[in-house]
Amino acid sequence: MTIGQLVRSLPAAAFVLGALARPFTPEDLVQTNRFSGNVAVSPNSASIAYIQARYSIEEKRQYTQLFVQSLADGHRHHGSSHPVKIIEFSADARPNPPSAREEEEEEDEFTGGLKKHLKPSQPIWLSDTSLGFVATDPDTGKSTLYSVKNGKGRWSKPRPVVAMAVPISDLHFSTESGILAFTAEVYDGTDSLVETAKLDYHEKLRADTGQTYDDLWVRHWDTFVSSKLPQIYTLPLKARAKDHFKPKGEPINIISDANASGRLEASNSFTLSPSGRHIAFVAKCPGHDYAWKTTSHVYLAAVDGSGAEPINPGKGGASSSPAFSHDGTKIAYVQMAATAYEADRNQIKVYDIAEQTTVEVAADWDRSPFHVLWSDSQTLLVTYNEWGRNKLSKVDIATGAITPIVTEHSVGPVQQLPGTNKLLIDYSALDSPTDLYTVSIDDGAVNRISQLNPKLTSEIFLSPPEDVAFTGADNSTIHGFLLRPPNFDSQKKYPLAFVIHGGPQSSFTDGWSPRWNLNIFAAAGFVTVALDPQGSTGYGQNFTDAIRNQWGSKPYESLMRSLEQLLEEHPYIDRKRLAALGASYGGYMINWINGHSDVFKALVNHDGMFSTVSTYYSTEELYFPETEFEGVPFDEKARENYERWSPERYVKNWKTPTLVVHSEKDYRLVVSEGLSTFTALRRQGVPARLLYFPDENHWVLKPANSLRWHQEVLAWISKWTSDEGASAATPIDESAKFRVQGNDD
């Protein structure tokens with residue numbers, strides 16, 4: 001059985017049940033079990049450990065559980081052993097939880113009086129039988145590494161190994177060298193974790209809350225920048241009797257003296273060499289151009305803190321995914337060429353540490369891998385996006401030849417099982433939630449390891465996706481997916497949910513997601529279609545680049561032409577009951593559509609752009625608009641580009657009922673963009689509704705907020721695409737069909 005057949009086999013069970021399988025609901029989605037963080041593989045590849053997160057609507061609680069699962073049985077019997085729960089933590093998930101006494105009473109009701117003190121995170125194996133994990137005190141911020149030991153099939157109680165004065169993350173441990181490596185945010189000017197904790201304490205005692213800035217950026221994603229920077233630390237751990245570990249010495253900052261023009265800010269990912277004596281990490285170059293340049297380098301550092309040097313100095317774009325060869329003599333990584341373009345093609349590089357030379361691999365391959373690791377000394381493994389799939393392939397270093405391993409659905413994080421020819425992968429499909437699989441590097445043979453959500457594959461119907469393709473602008477092929485509602489009858493008429501992705505340099509893939517899950521719209525009775533217009537990834541770099549300074553042109557033309565072809569080819573879609581939904585760039589496109597077409601009965605704009613000019617001055621990553629609109633808005637020529645593609649210019653044409661969603665902590669497209677959109681709609685008397693989240697960022701992540709988001713979105717598009725709502729909305733000019741309106745200029 002291929003991996004594609006295997007991942008589809010469980011959803012098929014619900015299809016066979018027919019009427020016995022019920023439709024998928026938002027309640028099901030927010031209560032799915034999910035992996036949280038990385039999966040840890042034991043040194044002997046016999047076991048894995050992972051964190052599982054679960055939300056309960058009834059209890060209003062978030063559960064975090066640490067599991068260990070044996071792989072040995074699965075390798076022999078093509079199955080997997082049952083996971084063993086090591087520890088569980090639960091917390092009130094409400095934004096305003098009750099008092100401590102009230103919480104204790106509620107905890108007694110839901111947990112039988114058993115209090116959960118340790119919230120596990122970041123599992124790492126300290127040996128074949130000892131597992132470490134981190135728990136951080138929410139009151140003090142201190143992190144503690146605990147260990148549990150497996151003795152004769154029974155796991156011990158957690159035992160503290162080392163306490164840190166500040167929160168730590170991104171743990172790695174080398175059983176070869178006994179080195180623990182982690183990241184921690186410390187104040188510029190100090191390397192001491194204890195000193196940072198003291199400064200944190202004094203910061204809380206300040207009478208004022210003012211923060212000052214002399215350069216960009218001021219904030220990023222959902223957080224205001226502070227004077228603390230993430231740094232990488234190492235600490236030797238010494239194994240004592242009965243596999244008990246203790247620290248030896250104090251943590252060392254290995255990058256504070258790196259060869260750079262300022263203090264490096266380490267990215268949230270690094271890797272240890274096989275010997276455990278070196279670390280490869282990525283850091284962005286310090287400088288005043290931080291907000292409008294993407295350049296970052298791969299650094300090689302000794303774990304003793306004796307120095308860190310870039311292996312790819314000089315000009316270039318963003319670097320990522322460093323990986324040591326199995327013998328530790330080479331480092332593979334990917335890097336973009338453009339210095340201010342976050343969607344340039346990732347080029348595969350291999351650096352020889354002794355020779356200090358770099359070669360480019362598969363230079364002519366028109367795909368952009370986002371993760372690279374080593375199969376053997378002659379072969380790399382890469383994951384990449386291609387035609388709606390996140391694939392896994394082998395790459396011959398010498399010839400650049402690509403040999404596919406997994407070509408269907410979506411491959412997530414990949415890691416090799418030491419001492420085997422197998423990989424452990426996260427894997428999912430649009431109709432199958434994420435689970436763990438092993439894959440043979442040699443022949444692609446697969447084995448399911450986990451099954452986190454059995455009910456979704458036995459009791460609930462999930463619509464299988466169908467590939468669709470249309471002809472868009474420049475005679476290009478526009479690929480996407482179509483999902484039909486449960487109990488579909490081609491003789492009936494159905495409303496359409498036309499979903500537009502953000503990015504814009506991203507794509508719809510055949511993979512599971514807790515956000516914008518296409519099966520939610522299909523289960524609500526909508527034929528659901530999601531397309532990849534110009535700007536999307538996975539179709540070659542030219543197709544990705546084709547959106548530059550064309551934001552409201554080629555993608556819009558491709559979407560509208562594809563829509564007309566869709567309706568011609570699928571007559572069961574009711575062209576009088578169409579809804580369009582989009583987030584980020586998709587939200588921009590919703591506003592653009594509202595100014596250029598009246599074919600939709602309902603629109604949903606999530607965190608979209610209202611004005612290209614105002615967005616430039618309020619967003620954080622300036623390299624994005626400067627590349628997309630070819631300059632800065634205070635340059636006369638570039639200003640014309642910004643204004644040409646600004647939805648604000650066409651507000652007078654808006655007439656379609658629109659749900660606007662925006663969040664306070666969205667610093668990518670700030671909340672004023674959503675408020676401006678809502679103001680423009682209501683001031684002109686257009687039916688609209690504003691859904692505002694004070695505690696979310698560009699994404700709605702909290703389970704209860706996600707549930708509210710889904711309820712509001714489904715209610716809005718259902719209302720305006722119902723027979724009553726459709727007749728109340730603006731009539732369609734049937735003679736014009738779906739013409740592409742020109743710009744004023």
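I began with arginine 682, which counts as partly exposed because its relative accessibility is 41%; buried means under 20% relative accessible area, exposed over 50%, and partly exposed in between, with a 1.4 Å probe and protein chains only. I noted that this is a predicted model, where local features need pLDDT of at least 70, side-chain atom pairs count only at pLDDT 80 or more, and totals for chains, interfaces and linings use all residues. Residues are numbered from 1 along each chain as its sequence is written, and side-chain values use heavy atoms, with hydrogens and water left out.

**Entry on α13**

I found arginine 682 in helix α13; helices (H or I, at least four residues) and strands (E, at least two) are DSSP runs, numbered from the N terminus. Leaving aside neighbours within four places in sequence, arginine 682 is in contact with Pro687 and Ala688, where contact means heavy atoms within 4.5 Å.

Next I checked the span of α13, residues 671-683. At 1.5 Å a residue its 13 residues should span 18 Å, and the end C-alpha atoms are 18 Å apart, which agrees. The expected span is 1.5 Å times one less than the number of residues.

Which residues of α13 are buried? I listed Val671, Glu673, Gly674, Thr677, Ala680 and Leu681. They pack against α9 (585-596), β40 (602-606), α10 (612-618), β41 (658-663) and β42 (688-693). Just after α13, I saw that glycine 685 takes a positive phi of about 80°.

**Entry on threonine 615**

I then moved to threonine 615 in helix α10. Threonine 615 counts as buried because its relative accessibility is 6%. Its side chain reaches the backbone oxygen of serine 611 at 2.8 Å. Beyond its neighbours within four places in sequence, threonine 615 is in contact with Met609, Leu669 and Glu673.

**Entry on α8 and α9**

How do α8 and α9 pack? I read an angle of about 75°, with their axes 11 Å apart. Axes are lines fitted to C-alpha atoms, for helices over the stretch in contact, and angles run from 0 to 180 degrees between N-to-C directions. The two helices α8 and α9 are therefore roughly perpendicular to each other, a label for 65 to 115 degrees. Pro555, Tyr556 and Leu559 of α8 make the contact with Tyr585, Met589, Trp592, Ile593 and His596 of α9.

Last, I looked at leucine 567, also placed in helix α8 (residues 554-569). Leucine 567 counts as buried because its relative accessibility is 5%.

Terms used:
Polar contact = N/O pair within 3.5 Å; in protein donor to acceptor, adjacent residues only side chain to side chain. Parallel < 35°, antiparallel > 145°, perpendicular 65-115°, else oblique.
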